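The following exercises are meant to be worked through with the sequence and the structure at hand. Each task is followed by a solution in steps.

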Amino acid sequence: MGLLACLSLGVAQAAPEAASAGSPPALADVSAPAHWLRLMGQAARQSNYEGTVMISTAGRSSSVQVSHRVQGDAQFERMEPLDGPVRQIYRHNEDIQILWPQKKTALLQQRGALLGVPRQWAQVDERALDVYQIDLLGLQRWAGHQAMVLQLRPRDQFRYGQRVWAEQRSGLVLRAETLAPSGQVLEWTAFTQLSLGPSAARGWDMPDAKSMAQWRWVRSELRKTSLDQEGWRVSDLPPGFRLLTCVRRSTAGLPPSLAASEPAAHASDVVQAIFGDGVTHVSVFIEPYDARRHAQEMMLAQGATQTLKRRVGDWWLTVVGDVPAATVVRFASALQRP
């Protein structure tokens, strides 16, 4: 899994400013799984926090420094991976900037390009109760905070189980594990250090081309579309999954050395359809078939992430998700040209 994809999980894990100052509403049923799903979603959307997130998948680990602020209706995020090439990610509402200081290159894109891999707790949905059995396992301490541990058991073979540590008062997701049917932990993401509601919380200015005149600025164009408009029909999706959004985008001019590291960055126009089941997401990328770049169909597995690459007539499909192999195969078969 690419580091930018992993970061999308860290972005969504946060504690609401109001909740961190007090207890959940008095009438809330804290023994109900639906209450915790709601709290986790609110925590990801309304927060002031900063800390360090560690990501472990397929025996490899990485870490990132993250910070999130809310001012009225405005959201600000800042992330900096602590491993590998120097990279900085900024977000203000829907606008995202990814900076590579050593190459003096900046990529501008929108949040829609980051949805789908992996799941974002900001979009956790109570309809997940239809496809997961959720048990409350009790309180445990993680990263210096008391947390309720939730076990999400899939009701079928099309999704993995999850084990989640949600901060007791706010609903902040402190740790999340993706579990194989055997119970093996396929990957996990966790705060190793966290400050809730940091003092003097405020947003920050986004970098701009005027102050960085010597940099190369590349824009990822994004526009809403639909599978129908693009000439595709969807049938027989895995149970519980539904289409969340569909966009067409391209990244023109991004150096190949950087594009290769970003699963969302392609040289040609790409349609991305994002599906969710209330907890996890699957992205389907559709682009014209190019024999020079699309030489071999394949299935790849890395930790919990399955990637299927397949030719469909004159088109090339890439299906990516933190789901079992059978799920990405079902998605690839569900998309058809009329």
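## Exercise 1: Charges over rings

Task: In this predicted model, identify the ring over which the charged end of arginine 159 sits, and then the ring that lies under the charged end of arginine 337.

Solution. 
- Step 1. Arginine 159 places its charged end over the ring of tyrosine 132, 6.0 Å from the centre of that ring.
- Step 2. For arginine 337, the ring is that of tryptophan 232, and the charged end is 4.8 Å from its centre.

## Exercise 2: Aromatic pairs

Task: State how many aromatic pairs the structure holds, and classify the pair formed by tryptophan 232 and tryptophan 315.

Solution. 
- Step 1. The structure holds six aromatic pairs.
- Step 2. Tryptophan 232 and tryptophan 315 have ring centres 6.1 Å apart and planes at 75°. Planes over 60 degrees apart count as edge-to-face, and the pair is accordingly edge-to-face.
- Step 3. The two residues are 83 residues apart and belong to distant parts of the chain. Tryptophan 232 is in the loop between β12 (216-224) and β13 (233-234), while tryptophan 315 is in strand β19 (residues 315-321).
- Step 4. Tryptophan 232 is buried, at 2% relative accessible area, whereas tryptophan 315 is partly exposed at 23%.

Task: Carry out the classification for tyrosine 289 and tryptophan 316, and explain what the pair ties together.

Solution. 
- Step 1. The centres are 6.1 Å apart and the planes form an angle of 40°, and the pair is tilted.
- Step 2. Tyrosine 289 is found in the loop between β16 (281-288) and β17 (298-302), and tryptophan 316 in strand β19, so the pair ties together parts that are 27 residues apart in sequence.
- Step 3. Tyrosine 289 counts as partly exposed with 27% relative accessibility; tryptophan 316 counts as buried with 4%.

Task: Which residues are linked into a cluster by ring pairs?

Solution. The cluster consists of Phe241, Phe275 and Phe331.

## Exercise 3: One side of a helix

Task: List the buried residues of helix α4 and explain why they lie on the same side of α4.

Solution. 
- Step 1. Helix α4 spans residues 325-334, and its buried residues are Thr327, Val328, Phe331, Ala332 and Ala334.
- Step 2. These residues cover an arc of only 160° around the axis, and therefore they are on the same side of α4.
- Step 3. Phe331, one of these buried residues, is also a member of the cluster with Phe241 and Phe275.

## Exercise 4: The largest nonpolar core

Task: Determine which residues of the largest nonpolar core touch the most other members, and which strands each supply at least two residues.

Solution. 
- Step 1. The core has 19 residues, and those touching the most other members are Val53, Val66, Ile98, Leu174, Phe191 and Leu194.
- Step 2. At least two residues of this core come from each of β1 (49-57), β2 (60-71), β5 (95-100), β8 (145-154) and β11 (185-196).
- Step 3. Leaving aside residues up to four places away in sequence, valine 53 touches Ser62, Ser63, Val64, Val66, Thr189, Ala190 and Phe191.
- Step 4. In soluble globular proteins, nonpolar side chains tend to be buried together.

## Exercise 5: Positive phi values

Task: Where are alanine 58 and aspartate 236 placed, and are they buried, partly exposed or exposed?

Solution. 
- Step 1. Most residues other than glycine have a negative phi.
- Step 2. Alanine 58 has a positive phi, near 50°. Its place is the loop between β1 and β2, and it is partly exposed, with a relative accessible area of 44%.
- Step 3. Aspartate 236 has a positive phi as well, near 60°. This residue is in the loop between β13 and β14 (242-251) and is exposed at 55%.

Definitions and conventions:
Residues are numbered from 1 along each chain as its sequence is written. This is a predicted model: local features need pLDDT of at least 70, side-chain atom pairs count only at pLDDT 80 or more; totals for chains, interfaces and linings use all residues. Side-chain values use heavy atoms; hydrogens and water are left out. Buried means under 20% relative accessible area, exposed over 50%, partly exposed in between (1.4 Å probe, protein chains only). Helices (H or I, at least four residues) and strands (E, at least two) are DSSP runs, numbered from the N terminus. The arc is that of the directions from the helix axis to the C-beta atoms. A nonpolar core is a set of buried Ala, Val, Leu, Ile, Met, Phe, Trp, Tyr and Cys residues joined through side-chain atoms within 4.5 Å. Contact means heavy atoms within 4.5 Å. Rings of Phe, Tyr and Trp (its six-membered ring) pair if their centres lie within 6.5 Å; planes under 30 degrees apart count as stacked, over 60 as edge-to-face and the rest as tilted. A charge sits over a ring if NZ of Lys or CZ of Arg is within 6 Å of the ring centre and within 35 degrees of the ring normal.
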